[in-house]
Amino acid sequence: MDMHEEHIFMNTFDVHLTYLFLLPTLSFTYTKPPHQLTPLPLSLSLSLSLSLSLSMNGTVVFYTGMGPSHLLPMVSLAKLFLQQGLSPTIITLDVPFIPGATAKTVSSLSSLNPSISFQILPTNDLAKAEFSKSSPGARMFKFLQDNNPNLLEFLTSFKKETVVKAIVMDFFCTAALDVANQLEIPAYFFTAFGASDLALFLHVTELHSTNSVAFKDLGKSLLNFPGLPPLPASDIPFVIQDRESDTYKILMETLPNLIKSKGILINTFESLELKSLNALKKGLCVPNHTTPPVYSIGPLVNEGKEKEGEEEKHETLSWLDSQPKGSVIFLCFGSMGGFTPNQIKNIAIGLENSKQRFLWVVKIISNPKKIYEPQPDHDLYTVLPEGFLDRTKNRGMVLKARVPQVEILNHESVAGFMTHCGWNSVLEAVTAGKPMICWPLYAEQRVNKAVLVEEMKIGFELKGYDEEIVEAEEVEKKVRTLMEQKEGKVMKERVESLKEKAIEALRNDGSSSEEFKRFISDLFMNERIIPLQSTYIHKNTRVMLLYTNHRSNSEPYIIPQFSKS
């Protein structure tokens, strides 16, 4: 169809009008009150260089659980909203057993993201006192639930200063839906884990009312969940293994809030978890209830930079620069993932016997069942086998400090990743094109392991992950398999393909970008801003009219007519 000129004339209704031009790679917004409107030419030049922006006033609040693994994905999500002209404010709480830890993380993130506001809520003294009494799994849920009054107080005050368009809450903050509803703020949830995990947790809420058997009593019996490969009952997250536990009871009370929200945003992409996403979107996980819209908007991955203005190269990266391409196995197990001295010795022996180059981030703990509590520090030299560091100094690096994991995974010297299967780490490995050796430790990581190994086939399982000890021989075997054997090469090719699909998903017309556009459109609907019929005036060029009625929510919308050739 040839380009031609049309005009739209609007009557002077008491509404505000926004003309949004959508081209293949750019958009431009033009807003005027009706009395200033003149005939608007619709002929557009594809060579226009205009800023990509959808102008919307107001703030979106993000409420997250504690710790970097919750904060970092939420920051990445907030940046997407920032690009749409919305002001993001992230709310979190201090970690009760590590005072000041959250403030330190927030300070670093704030310096890197000056356009995002951060707020650390004061914590309820009673919640702090009760924290130490709860079972480990129940602690975070109960702590966040008990801090609802502080969230309510903050949001009540905050709403007087700005228009709060929506609140996006972490999976751990499900109890906060009550606060959002009380203040009439549209509420969404964001899961920093994958679609497979969400499918499992939602289906467990369904099973709760139809089944009385506890997962802990089923041993390794294989169970079927919508959208997942068969799972041994022992791989179900510990927090929902025992129906009589405090954690289980809290979750069964608060998890149903997920499907009472306006929608759920998931840090994943279609090519990675299509089966689980289909199960969610078709309502198979909660067949007796209505599943809200589900949006796969990932992969949202931390950019890797630790501090603003950071120029000095980290010692690990300098060491990797001196190693041959594709020669190093990287071992790192998350901010809370640690091992007993005995297990550390077995890992060390396995690495030494594998004859492979390695970069190993070590965390030594005394009691794996108390990962949420402070534990005594250990001297690395007294825990590692005698002479290990000397014998491996020319091909290995061992350290206890935090490392720039994203940059390490993307370094050309790194060939593979031994990981605890935390979802952030999984996405970082996928987007770096690195195959994994899977050693799940806690939370939903066993589910992630099953999906990585059985469904995606981009990870090797370490036998013994569910036993007291993973033997040195198993560590050696899996490292050699990934680094030396054909299986490792095939897996490398498979994850490289997923890396390309992750890049495609985030392109302007990619699946995740389209999902986020769908979310924004749905958010407009909730805010009573309606995208109307499109008029096509040139190949791949679209004009869309948006408007909102500011007179009264009860009054009908005026739908202008488009001329169409």
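In this predicted model, K220 counts as exposed, since its relative accessibility is 52% and the word applies to values over 50%. The side chain of K220 meets that of E467 in a salt bridge, with N and O 3.8 Å apart. K220 belongs to the loop between helix 7 (195-208) and strand 10 (222-223), while E467 belongs to the loop between strand 19 and helix 17, so the pair ties together parts that are 247 residues apart in sequence. The general principle is that side chains of opposite charge can pair when their charged atoms come close.

A search of the whole structure finds 18 salt bridges. Two further examples lie within single helices. In one of them, D146 pairs with K142, and the closest N and O atoms are 3.0 Å apart. These two residues are four places apart in helix 4 (residues 136-146), and therefore about one helical turn separates D146 from K142. K142 is partly exposed, at 28% relative accessibility. In the other example, K517 forms a salt bridge with E514, and here the closest N and O atoms are 3.2 Å apart. K517 and E514 are three residues apart in helix 19 (residues 511-526), so they too are separated by about one helical turn. The spacing can be understood from the geometry of the α-helix: with 3.6 residues a turn, residues three or four places apart point the same way. K517 is partly exposed, with a relative accessible area of 38%, and E514 is partly exposed with a value of 38%. Salt bridges can also share partners, and in this way D235, R446, K449, E461 and K463 are joined into one network.

The backbone deserves attention next. Most residues other than glycine have a negative phi, and most peptide bonds are trans. Where does this model depart from that pattern? The peptide bond between G298 and P299 is cis, with omega about 5°. P299 is found in the loop between strand 13 (294-296) and helix 10 (315-321). K457, which is not a glycine, has a positive phi near 60°; its place is in the loop between helix 16 (445-456) and strand 19. K457 is partly exposed, at a relative accessible area of 41%.

C421 likewise has a positive phi, of about 70°, although it is not a glycine. This residue sits in the loop between strand 17 and helix 15 (423-432). C421 is buried, because its relative accessible area is 0%, and buried means under 20%. Among the residues in contact with C421 is Q445, which lies in helix 16. Q445 is buried as well, at 3% relative accessibility. Its side chain reaches the backbone nitrogen of L441 at 2.9 Å. Beyond its neighbours within four places in sequence, Q445 also touches H420, G422 and P440.

Finally, helix 17 (residues 472-484) shows how a helix packs against other elements. It has 13 residues and reaches 18 Å from its first C-alpha to its last, close to the 18 Å expected at 1.5 Å a residue. Which residues of helix 17 are buried? They are A472, E474, V475, K478, V479, T481, L482 and M483. These buried residues pack against two helices, helix 11 (341-354) and helix 18 (486-506). They also pack against strand 14 (328-331), strand 17 (414-419), strand 18 (436-438) and strand 19 (459-461).

Definitions and conventions. Residues numbered from 1 in each chain as written. Predicted model: local features only at pLDDT ≥ 70, side-chain atom pairs only at ≥ 80, totals over all residues. Heavy atoms only, no water. Expected span 1.5 Å × (residues − 1). Buried < 20%, exposed > 50% of the residue type's maximum accessible area, 1.4 Å probe, protein only. Contact = heavy atoms within 4.5 Å. Salt bridge = Lys/Arg side-chain N within 4 Å of Asp/Glu carboxyl O. Polar contact = N/O pair within 3.5 Å; in protein donor to acceptor, adjacent residues only side chain to side chain.
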